[in-house]
Amino acid sequence: MSPWLTVVGIGEDGFKGLGKQARRALMGASRIVGGQRQLDLLPPCIGGARQVWPSPFSLAPVLERRGEAVCVLASGDPMFYGVGASLARQVASDEMLILPAPSSCSLAAARLGWPLQDVVTLSLVARPLAALNAHLASGVRLLLLSNDGQSPAAVAQLLRERGFGASRMSVLEHLGGDAERRVDAMASGWPDAPVADLNVIALECLADAETRGLSRLAGLPDSAFEHDGQLTKRDVRAVTLARLAPTPGELLWDVGAGSGSIGIEWMRAHPSCRALAIEADDGRQQLIERNRDVLGVPGLQLIRGKAPQALAGLERPDAVFIGGGVTREGVFETCWQQLKPGGRLVANAVTLQSELTLMNWRERYGGELTRIHVAQAQPLGDFDTWRQALPITLLDLVKPFDA
């Protein structure tokens, strides 16, 4: 099938900035779908019927006309946080032709002289600002697609609150058009001035003198989490996450999540890692919500309820951590049944009863038992001595593909 759908990326320079192929597609289209701003860039000579995206947004105006000569207008590169990516999940590649223009981030990098491969790009469009927290570290360069004209001030406030007020900010408006403008300032002194809704924020992150950035590796300091004592401690957490072995795109069930530390660090391992935090206690649910935002993974999904009942109907996981409810009837059996073949299950025990449960599971399903002892040097009079934390028993299982 030859393409019936053409997705045309258009810049601030409008129709005059399009190539011949894009112009030809628009001239021959029976229907053109896009945002009002993009449609207004077209000259009167384009005769196809024009249709604005519905609110709430839906691809129906395009998909309902499959087989007709349809054009979709998108800002810049349609495959960069754009409608092209959404259409590609619904329309076969041989039915669709995508003609990109330079993305706003490409234009911003060109203006700033930043090698684009060295820059982290994020979208704030209809996304939580808290996701920015995961990327804050001195020396990091970020390009942010703004949600609107309020985004720069919100970003500057977040940077100040997180101890990155020394960061340099550049806001680039209407890139590629006649109204292009650039505003530069430090986050600590970001001016209270109007900003166009169409803008890109460039950040050169710099921590204040008393601020230390957080590593993306497993084993954040315990002080990074707000908790009520129900926290998998730093050294044990690092070992546990090493056994869970997060891989891009995988889903974790954090059962009995407590403060959410395991699920949070799982998601910090890679932007595409996902996690469900299952927790029954109301107070700890609130801790999870605060911790996930502060540590930059607002996408961590909180499942309010007690396992195993709360596990019903959830998406099957690639890995499971059982940190609470080890001795509760049906928890392990449900997790093991729903775990995908080849998936990992890790469970930690601190009491004799829960340790016995792990030993019984190992006898039945195999796996590896590990005893973790951690001691810290603490004062004893004028000297120091070792203070032993409670030992942790860890069971590590991999589900066979034929299970």
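Good morning. A residue is called buried when its relative accessible area is under 20%, exposed when that area is over 50%, and partly exposed in between. The model I am presenting is a predicted one, and that definition applies directly to Tyr365, which at a relative accessible area of 28% is therefore partly exposed.

Let me begin with the aromatic residues. A pair of aromatic rings is described by the distance of the centres and the angle of the planes. This structure holds six such pairs. In one of them, Phe332 and Trp361, the ring centres are 3.9 Å apart and the planes make an angle of 25 degrees, so the pair is stacked. Phe332 is buried, with a relative accessible area of 0%, and Trp361 counts as buried at 8%.

How are the rings of Trp336 and Tyr365 arranged? They form a tilted pair, with 5.3 Å from centre to centre and 55 degrees between the planes. Trp336 lies in helix H10 and Tyr365 in helix H11, so this pair, too, ties together parts that are 29 residues apart in sequence. Trp336 is buried, its relative accessible area being 10%, whereas Tyr365 is partly exposed. Ring pairs join Phe332, Trp336, Trp361 and Tyr365 into a cluster.

Seven strands form an open sheet with mixed pairing, in the order E13-E12-E11-E14-E15-E19-E16. Which strands stand at the edges? They are E13 (301–304) and E16 (368–372); each has a single partner strand, so one side of each is left without a neighbour in the sheet. On average, neighbouring strands are turned by 15 degrees against each other, direction ignored. E16 runs antiparallel to strand E19, residues 392–398, and five bridges join the two. Within this pairing, Glu368 has Asp396 in E19 as its bridge partner.

Finally, two helices accompany the sheet. Helix H8, residues 261–268, packs on the sheet and touches strands E11 (251–255), E12 (274–279), E14 (319–322) and E15 (344–349). The direction of H8 makes about 165 degrees with that of E11. Helix H9, residues 282–294, lies across E12 and E13, and runs at about 175 degrees to E13.

Thank you for your attention.

Note on methods. Residues are numbered from 1 along each chain as its sequence is written. This is a predicted model: local features need pLDDT of at least 70, side-chain atom pairs count only at pLDDT 80 or more; totals for chains, interfaces and linings use all residues. Side-chain values use heavy atoms; hydrogens and water are left out. Rings of Phe, Tyr and Trp (its six-membered ring) pair if their centres lie within 6.5 Å; planes under 30 degrees apart count as stacked, over 60 as edge-to-face and the rest as tilted. Buried means under 20% relative accessible area, exposed over 50%, partly exposed in between (1.4 Å probe, protein chains only). Helices (H or I, at least four residues) and strands (E, at least two) are DSSP runs, numbered from the N terminus. Two strands pair if DSSP finds at least two bridges between them. Axes are lines fitted to C-alpha atoms, for helices over the stretch in contact, and angles run from 0 to 180 degrees between N-to-C directions. Contact means heavy atoms within 4.5 Å.
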